[in-house]
Amino acid sequence: MFKIGCLQFSPVLGDPAATMQKLSALLPQAAALDLLVLPELCNSGYDFTSAEQAWETSESVGDSQFIDFLSEICQKHKYHIVSGFNERSGDQLFNSAVLVGPEGYLGKYQKLHLFYNEKDFFQPGQAGLPVFEINGCKLGIQVCFDWMYPEAWRVLALKGADLICHTSNLVLPGLAQRAVPIHAMINRVYTITANRVGTEGELTFTGRSFIADPLGNILEEASATGEELLTGEIDVGLARNKQLTVKNDLFLDRRPADYTALIETNHGG
């Protein structure tokens, strides 16, 4: 069994040092896990007041106090972390998520589908849809509004992901909480949505982080407002069984030749 969890909490907008201080008290609670997932833009907060604030709270992957901080925690407690990350790359910003372990930084995903005002600060991701392996579990990553796009979830499943980590700052009440378990079911994967709580500016974040299994069942769910650690165990063998009936396999029954509309770019006029 692979032990996973997510930390639902409220980062401090525009103050990475304060957020790290807060995490210092919270992260040791996850010491028994293999993997912990943190919310979107965990190092910076979300509802920036200006482009300058977004830039000033960003860091590059190769020179990041936040990633160094996570690496130290992972090394001390022998687990891995997926965390939202305000990433600076050259003169551009990306709404990213990083995978960090006892050995340090392992990889990243850059959010493909930007939501609302995010388009004022970030570029769409350029790092594709990578799948990583830790302790025998293959995992993919999505960030918040990516929940709306089934293509991304299916690609990660086709690449062998057993678990999809969904680091989030959800503000549309209940929508992702209903949709993500369906993605879990129709792809036969585990999902873990690490949402945040609290308010920034006019935004109120919806909490209710959760873990879902390959049958779409909610295994664990947090409250709408509290700072909480959710934990659970997953069986990667269940995610790798794509046999629906004795005559139906989720992937072998696909008809890709009939899905060509997915790669056309002129939909919607």
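Me: Where is Arg-188 found?
Reply: This is a predicted model, in which local features need pLDDT of at least 70, side-chain atom pairs count only at pLDDT 80 or more, and totals for chains, interfaces and linings use all residues. Residues are numbered from 1 along each chain as its sequence is written, and side-chain values use heavy atoms, leaving out hydrogens and water. Helices (DSSP runs of H or I, at least four residues) and strands (runs of E, at least two) are numbered from the N terminus. Arg-188 is found in the loop between α5 and β9 (190-194).

Me: What is the phi of Arg-188?
Reply: Most residues other than glycine have a negative phi. Arg-188 is not a glycine, yet its phi is positive, at about 55°.

Me: Is Arg-188 buried or exposed?
Reply: Buried means under 20% relative accessible area, exposed over 50%, and partly exposed in between (1.4 Å probe, protein chains only). Arg-188 has 13% relative accessibility, so this residue counts as buried.

Me: Which loop holds Leu-41, and what is its phi?
Reply: Leu-41 lies in the loop between β2 (35-37) and α2 (51-56). Its relative accessibility is 0%, so Leu-41 counts as buried. Although Leu-41 is not a glycine, it has a positive phi of about 45°.

Me: What is the order of the strands in the open sheet?
Reply: Two strands pair if DSSP finds at least two bridges between them. The open sheet has six strands with mixed pairing, in the order β5-β4-β3-β2-β1-β14.

Me: Which are the edge strands?
Reply: An edge strand here pairs on one side only. From one strand to the next, the twist averages 30°. The edge strands are β5 (104-110) and β14 (228-234).

Me: How many bridges join β3 to β4?
Reply: Strand β3 covers residues 80-89 and strand β4 residues 92-101, and they run antiparallel. Ser-83 stands opposite Val-98 in β4. The number of bridges joining β3 to β4 is nine.

Me: At what angle does helix α3 run to β3?
Reply: Axes are lines fitted to C-alpha atoms, for helices over the stretch in contact (heavy atoms within 4.5 Å). Angles between N-to-C directions run from 0 to 180 degrees. Helix α3 (residues 65-77) lies across β3, β4 and β5, and its angle to β3 is about 165°.

Me: Is His-80 buried or exposed?
Reply: His-80 is found in strand β3. Not counting residues up to four places away in sequence, His-80 touches several others, among them Asp-34, Cys-74, Leu-99, Leu-106 and Ile-134. Its relative accessibility is 7%, so His-80 counts as buried.
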